[in-house]
Amino acid sequence: MAKALLVNLDKCTGCRSCELACSFKHHGEFNPSKSNIQVSIFTENAFYVPMVCTQCDKPFCGEVCPTGAIYAAETNGAYVVLVDKEKCVGCKMCTLACPFGAITYQSNGCVQKCNLCEGNPECVTFCIPGALEFKDWELRTARKSRTYAEKIYHQKEAD
Amino acid sequence: MNGWVGKILRVDLSKNRVSVEDLREEAAHDYIGGRGLGIKYLYDEIDPKVDPFSRENKLMLVTGPLTGTNALAGGRYTAVTKSPLTGAIANSNSGGYFGAELKYAGYDMIILEGKAKAPVYLWIENDSIEIRSAKHLWGKDSHQTTELIAAEADEDAKVACIGPAGENLVKFANIMNDNGRAAGRSGVGAVMGSKNLKAVAVRGTNGVTVADPEGFREAVLAAIKEFHDPYMSQVIGNYGTSDVVEFSNEVGLLPTRNFQTGVFEGASKIGGSVIAKYNLRGATKTKACFGCPLGCGRVTRVPDGEFKGEGEGPEYETLGSLGSVCGVENPEAVMKANYICNRMGMDTISAGVTIGCAMELFEKGYLPEKDVGMSLKFGDGQAMVHLLENAARRKGFGDVIAEGSYRLAERYGHPELSMTAKKLEFPNYDPRGGQGFALAYATQNRGGCHIRNEVHCVEFFGISLMGIIETGGSLDRFTTKGKPEVTKRFQDFYCMIDSSGICNFIIIGMPDHNVFINLMEKGTGLTFGGLGGFLNTGERIFNLERLFNLKAGLTSKDDTLPWRMLEEPMPEGPGKGHVVRLNEMLPEYYKLRGWTVKGVPTGRKLAELGISTKL
């Protein structure tokens with residue numbers, strides 16, 4: 001089993017506290033534009049989506065990196081993709097390759113991405129609705145199936 | 001500076017000129033931000049006697065030192081100006097994301113002066129500021145305006161704008177931001193409209209720092225722990241404020257048919273569990289403002305029928321004003337009215353209470369049918385919706401509604417039927433249901449208002465006193481004893497909440513005020529010297545607003561309530577037989593405030609508060 005940063009879309013309220021926690025932890029200031037997690041807000045549909053690095057098994061960012069600065073590691077029982085700041089030359093190819101926009105250039109000569117806060121993600125600590133969890137992902141395998149199953153159940157009951 | 005970002009953006013719309021100046025540090029220390037900093041700058045810069053619609057009036061959009069931080073719901077900004085509805089100070093705050101974005105662009109506040117020759121909007125992208133033509137936006141509703149600006153300025157721009165109501169100088173027009181959030185009260189949107197300013201759009205990528213980062217982080221974690229107040233997090237967290245409808249009705253103070261009674265037979269039809277059925281993505285799916293752990297917002301949709309529509313809300317105040325106050329028990333009519341108000345940019349409270357007043361005038365035969373152009377009886381949701389649309393465009397009888405309840409009732413010879421204090425329409429708690437908040441309505445600087453002093457939350461919702469007064473528990477709502485003291489302290493404390501940048505829903509959900517003081521101190525680096533010093537700063541803000549009002553021409557005669565509240569006993573329900581006993585409380589209140597019997601702050605009081613100005 002392995003821990004991962006898990007997102008439950010049903011619980012997200014669009015408050016963006018995760019963006020604040022992330023930027024404060026890594027930059028010492030509250031600044032969503034420096035956060036590794038970004039919440040997309042679709043108010044008209046009451047739909048809020050936190051987007052953050054999924055820590056790919058075969059990371060696109062790593063594949064295109066010309067200096068081999070991006071590498072896989074383990075942190076507090078979780079698989080994580082990290083950036084070696086010494087090797088990064090700031091070419092930004094990884095920011096183009098990542099389909100999720102989860103790795104960004106931050107005008108300090110280096111790219112940045114979620115490092116799971118060395119195994120204790122700050123965004124999880126400050127996510128009060130509980131939309132973000134840092135857990136063994138296998139514990140949540142059944143969640144989505146169950147959510148849909150509940151819909152079928154309620155539909156049947158209504159019929 | 002920490003907390004504050006230290007800059008003010010000044011925009012002279014007459015001269016088409018923008019400038020950036022340093023925030024006056026002593027003003028920030030003494031008046032904090034939001035409501036407090038707003039009155040400080042307004043008082044220093046305008047003559048309170050100015051016509052609110054003249055180019056001499058200024059409109060300030062002010063954040064607080066905690067806006068943009070994660071100090072729980074720290075996304076507020078406050079619109080401060082002289083109100084066209086009341087002639088008194090206006091300070092309306094709003095959540096959403098706009099306030100925080102303004103801070104990230106690098107400004108604590110925007111001061112809007114003069115009047116543009118033609119419709120414009122302001123586009124702020126960090127230090128790049130443009131005054132752009134808004135001719136193509138004039139007449140568009142708040143949702144359309146937000147969408148069009150996002151398309152032409154930046155898709156991530158946060159937009160605060162007026163709808164057609166603000167353009168047409170509807171006296172209770174609001175400023176809408178992020179589509180569904182409102183700086184609602186006192187007609188701040190009409191002032192914006194009078195300046196030919198359609199919108200302010202902002203995008204910022206700078207940071208906000210705090211004085212003691214580690215201490216601040218601990219203070220936020222402590223606040224999260226304290227926040228789990230059973231009322232705020234469980235009741236409001238479930239269905240949002242709409243759940244208050246049935247509760248207010250049970251305790252007999254849900255204003256019904258223009259406050260003729262506090263019991264509404266249709267309350268269960270417009271209660272939280274009914275509205276929840278229209279909630280998108282599940283009955284309890286919440287919508288939170290920036291950084292908010294509570295998420296009292298809801299997004300709803302009426303899928304079909306004559307009241308088809310969608311948007312944020314309705315919240316409790318709307319369900320009261322556009323529901324029970326107008327005797328309307330069709331939830332879809334109330335929701336449609338809510339959507340119209342949000343799109344047109346009108347305060348749902350003032351809009352509903354004004355129409356409720358018109359309905360009573362009509363039913364009593366004071367308002368002839370030929371003037372309205374139709375029948376206008378209580379309970380008529382269609383007429384209500386029709387009038388709202390016309391009010392926003394000032395069409396037909398809507399032109400009279402657009403003037404607010406007081407001017408409407410006066411025009412038809414019965415000003416006593418206007419449910420207002422200082423011409424600001426009452427929110428949805430009948431003052432006869434609790435003496436403390438009745439006194440608060442009468443003495444609020446901006447007029448009849450519930451969120452500048454939530455004594456009502458203590459008097460009948462069982463919410464904690466946050467330890468700001470020693471009473472040993474709850475308050476008997478029908479007694480006047482001790483209420484002047486509670487009211488004064490709450491008012492001063494709320495000056496601090498409204499100036500901080502945090503939403504008051506968060507603070508009232510906490511049993512201990514020290515959590516809030518700690519956040520403020522760790523954020524700004526100021527030391528208040530405990531509750532006493534903290535309240536002292538709040539009292540300074542309150543008194544400066546009072547001075548503004550007195551200079552504007554208001555007197556102690558305006559610290560009152562309509563005849564109905566003082567003389568006509570509540571006819572039924574748990575509050576039956578009660579009237580507001582204002583004369584038992586007002587003299588003591590003035591005395592506690594250090595004001596003369598005429599309600600004027602004494603020289604000694606002003607000196608004690610460090611206010612160096614004279615009337």
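User: How are H18(B) and H20(B) oriented to each other?

Analyst: This is a predicted model, in which local features need pLDDT of at least 70 and side-chain atom pairs count only at pLDDT 80 or more, while totals for chains, interfaces and linings use all residues. Residues are numbered from 1 along each chain as its sequence is written, and chains are lettered from A and ligands numbered from 1 in the order in which they are written. Helix H18 (residues 435-443) and helix H20 (residues 483-500) of chain B pack with their axes 9 Å apart, at an angle of about 55°; axes are lines fitted to C-alpha atoms, for helices over the stretch in contact, and angles run from 0 to 180 degrees between N-to-C directions. Angles under 35 degrees count as roughly parallel, over 145 as roughly antiparallel, 65 to 115 as roughly perpendicular and the rest as oblique, so H18(B) and H20(B) are oblique.

User: Which residues of H20(B) does H18(B) meet?

Analyst: Two residues are in contact if their C-beta atoms, placed from the backbone, lie within 7 Å. By class, this contact has four nonpolar, five polar and one charged residues; Ala, Val, Leu, Ile, Met, Phe, Trp, Tyr, Cys and Pro count as nonpolar, Asp, Glu, Lys and Arg as charged, and the others, Gly among them, as polar. From H18(B) come B:Gln435, B:Gly436, B:Leu439, B:Ala440 and B:Thr443, and they meet B:Lys483, B:Pro484, B:Val486, B:Thr487 and B:Gln491.

User: What is the handedness of the crossing of H2(B) and H23(B)?

Analyst: The axes of helix H2 (residues 34-45) and helix H23 (residues 530-552) of chain B cross at roughly 40° and come within 10 Å, so this pair is oblique. A crossing is left-handed if the near helix is turned anticlockwise from the far one by less than a right angle, and right-handed if clockwise. The crossing of H2(B) and H23(B) is left-handed.

User: Where on helix H4 of chain B do the buried residues lie?

Analyst: A residue is buried if 20 or more other C-beta atoms lie within 10 Å of its own, exposed if 12 or fewer, and partly exposed in between, with C-beta atoms placed from the backbone. In H4 (residues 142-152), B:Ser142, B:His143, B:Thr145, B:Thr146 and B:Ile149 are buried. Seen down the axis, they fall within an arc of 165° (taken from the directions from the helix axis to the C-beta atoms), so they line one face of the helix.

User: Is A:Lys85 buried or exposed?

Analyst: A:Lys85 sits in the loop between strand S5 (78-83) and helix H3 (93-97) of chain A; helices (H or I, at least four residues) and strands (E, at least two) are DSSP runs, numbered from the N terminus. With 12 other C-beta atoms within 10 Å, A:Lys85 is exposed.

User: What percentage of the residues in chain B is buried?

Analyst: Chain B has 26 helices and 16 strands, and its C-alpha trace spans about 60 × 60 × 50 Å along the principal axes. Of its 615 residues, the buried ones make up 64%.

User: How many residues does chain A give to the contact with chain B?

Analyst: Chain B gives 26 residues, which divide into ten nonpolar, twelve polar and four charged. The number from chain A is 24.
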